[in-house]
Amino acid sequence: MKSVQVLFLVLFLTNTSLRLLRGDAPLILDYYKETCPHAEDIVRRIVEIAVLKDPRMAASLLRLHFHDCFVMGCDGSVLLDNYGGMLSEKQAGPNLNSLRGFEVIDEIKYVLEDACPATVSCADILALAARDAVVLRGGPGWGVDLGRRDSLTASFNGANQFIPAPNSTLDTLIANFQQQGLDIGDLVALSGSHTLGKARCLSFRQRIYDNNVEEKFGYHERDEHYIKSLRSLCPQSGGNNVLAPLDLVTPARFDNHYFINLIEGRGLLISDNVLFDQDLHWEIRKHVFAYAANQDYFFESFVNSMIKMGNINVLTGVNGEIRRNCRYANSYTNGKK
């Protein structure tokens with residue numbers, strides 16, 4: 001009996017070692033339990049301080065994780081600065097003068113490097129910070145599978161190509177998500193992250209001033225008072241960085257009111273409103289109505305989709321690296337010494 005158990009253990013360890021070498025080892029909970037036992041506590045505490053100072057930072061950290069995963073996978077590539085001949089994803093259209101929270105990630109990495117050098121990846125920091133940001137604004141919590149490694153490069157072109165634009169049609173949104181292995185259910189649930197945060201005038205100007213928006217995007221405005229209020233904030237020209245809340249009613253709380261807004265025609269972005277108005281077959285509307293009626297159901301679906309998104313094209317095993325500085329690959333920082 002013992003020999004069988006030993007054989008099973010040897011086979012298990014051999015298979016695990018091979019998976020690590022191939023780089024297809026699965027992410028797991030408590031990945032840092034032995035190597036950096038306080039990692040999650042460190043991330044949580046620094047995120048908590050940042051969100052207390054600036055409540056909008058919760059949405060910013062959540063968005064960083066999205067924009068990372070949609071370009072090459074959840075590999076921390078969004079954090080890289082320009083260096084050598086590489087152009088940062090930060091310079092891409094969807095990210096330029098828009099993404100925030102890099103300094104928070106820097107601070108987390110600095111403390112983790114002091115506590116556990118060369119152990120916790122920047123990609124895992126993004127995943128943990130996104131979860132903690134949601135929880136701090138009243139949203140659901142979940143166990144984050146860990147073990148991601150960091151990319152050696154970024155993809156400026158990928159950021160321009162794969163991150164959904166605020167004026168996307170429904171077909172474009174569905175295609176964007178399908179490219180990442182995400183389905184319609186994930187599209188609706190993850191769009192619910194727009195219950196937090198703000199968007200720039202540049203992102204919603206077309207929605208409030210284009211006279212042909214109904215013809216182009218297949219929906220009609222149902223709340224003229226809302227449109228007038230947005231026009232009072234956002235001029236037809238200039239004022240690109242003026243902000244409006246994505247959720248008019250509870251802009252700083254993670255809840256299901258985003259979906260109520262969609263039903264009432266109060267989605268801020270074109271890409272919000274098309275979820276409801278362009279869906280002529282009710283495949284998406286049924287989710288919108290269900291989430292609007294039942295916050296717990298939305299939370300459950302959101303968590304499942306976040307876990308699914310967090311596994312997109314992750315680097316594990318010997319692939320990638322554990323960056324010492326989230327802004328640069330280790331080869332660059334070594335060369336600067």
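Helix H5, which runs over residues 122-136 and has 15 residues, reaches 21 Å from its first C-alpha to its last, close to the 21 Å expected at 1.5 Å a residue, where the expected span is 1.5 Å times one less than the number of residues. Helices (H or I, at least four residues) and strands (E, at least two) are DSSP runs, numbered from the N terminus. The model is predicted, so that local features need pLDDT of at least 70 and side-chain atom pairs count only at pLDDT 80 or more, while totals for chains, interfaces and linings use all residues. Residues are numbered from 1 along each chain as its sequence is written, and side-chain values use heavy atoms, with hydrogens and water left out.

**Helix H5 and what follows**

- H5 is mostly covered, since 13 of its 15 residues are buried, buried being under 20% relative accessible area, exposed over 50%, and partly exposed in between (1.4 Å probe, protein chains only).
- After H5 comes Gly 138, whose phi is positive, near 95°.

**The annotated group from Asp 68 to Glu 89**

- In an unreviewed entry, the UniProt annotation "binding site" covers Asp 68, Val 71, Gly 73, Asp 75, Ser 77 and Glu 89; UniProt positions are given in the numbering used here, feature names are shortened, and annotations may be inferred rather than shown by experiment.
- Although these residues are spread over 22 residues of sequence, they cluster in space, with a largest C-alpha distance of 12.9 Å.
- Val 71 lies in the loop between helix H3 (57-69) and helix H4 (102-115), and it counts as buried because its relative accessibility is 0%.
- Leaving aside neighbours within four places in sequence, Val 71 is in contact (heavy atoms within 4.5 Å) with Ser 77, Glu 89, Ser 155, Gly 158, Ala 159 and Ile 163.
- Asp 75 is likewise placed in the loop between H3 and H4, and its relative accessibility of 3% is why Asp 75 counts as buried.
- Not counting residues up to four places away in sequence, Asp 75 touches Asp 68, Ala 123, Arg 149, Asp 150, Ser 151, Leu 315 and Arg 323.

**Met 72, in the H3-H4 loop**

- Met 72 is found in the loop between H3 and H4, and it counts as partly exposed because its relative accessibility is 34%.
- With residues up to four places away in sequence left out, Met 72 touches Ser 77, Glu 89, Ser 151, Thr 153, Ala 154, Ser 155 and Asn 313.
- The C-alpha atoms of Met 72 and Gly 239, which are 167 residues apart along the chain, are separated by 33 Å.

- Pro 164 counts as partly exposed because its relative accessible area is 27%, and it touches Phe 70, Leu 173, Asn 176 and Phe 177, not counting residues up to four places away in sequence.
- The largest pocket has a volume of about 950 Å³; on a 1 Å grid over the protein atoms alone, a pocket is an open set of points with protein on both sides within 12 Å along at least five of seven lines, a cavity is a set of points where a 1.4 Å probe fits but cannot get out, and lining residues have an atom within 4 Å of a point.
- Grid points are joined across faces, edges and corners, and a volume is the space filled by probe spheres set on the points.
- The pocket is lined by 41 residues, of which Arg 63, His 67, Pro 164, His 194 and Leu 269 lie nearest its centre.
- Elements that give two or more residues to this lining are H3, H7, helix H8 (184-191), strand E1 (198-200), helix H9 (201-209) and helix H13 (270-277), and the largest share, six residues, comes from H3.
- The lining of the largest pocket divides into 22 nonpolar, 13 polar and six charged residues, where Ala, Val, Leu, Ile, Met, Phe, Trp, Tyr, Cys and Pro count as nonpolar, Asp, Glu, Lys and Arg as charged, and the others, Gly among them, as polar.

**The enclosed cavity**

- The count comes to one cavity of 30 Å³ or more, and the largest cavity has a volume of about 90 Å³.
- Its lining includes His 65, Ala 127, Trp 142, Arg 148, Met 306 and Asn 311, and the lining residues divide into five nonpolar, four polar and two charged.

- Ala 118, in the loop between H4 and H5, has a positive phi of about 55° although it is not a glycine.
- Trp 282, in the loop between H13 and helix H14 (285-293), has a positive phi near 65°.
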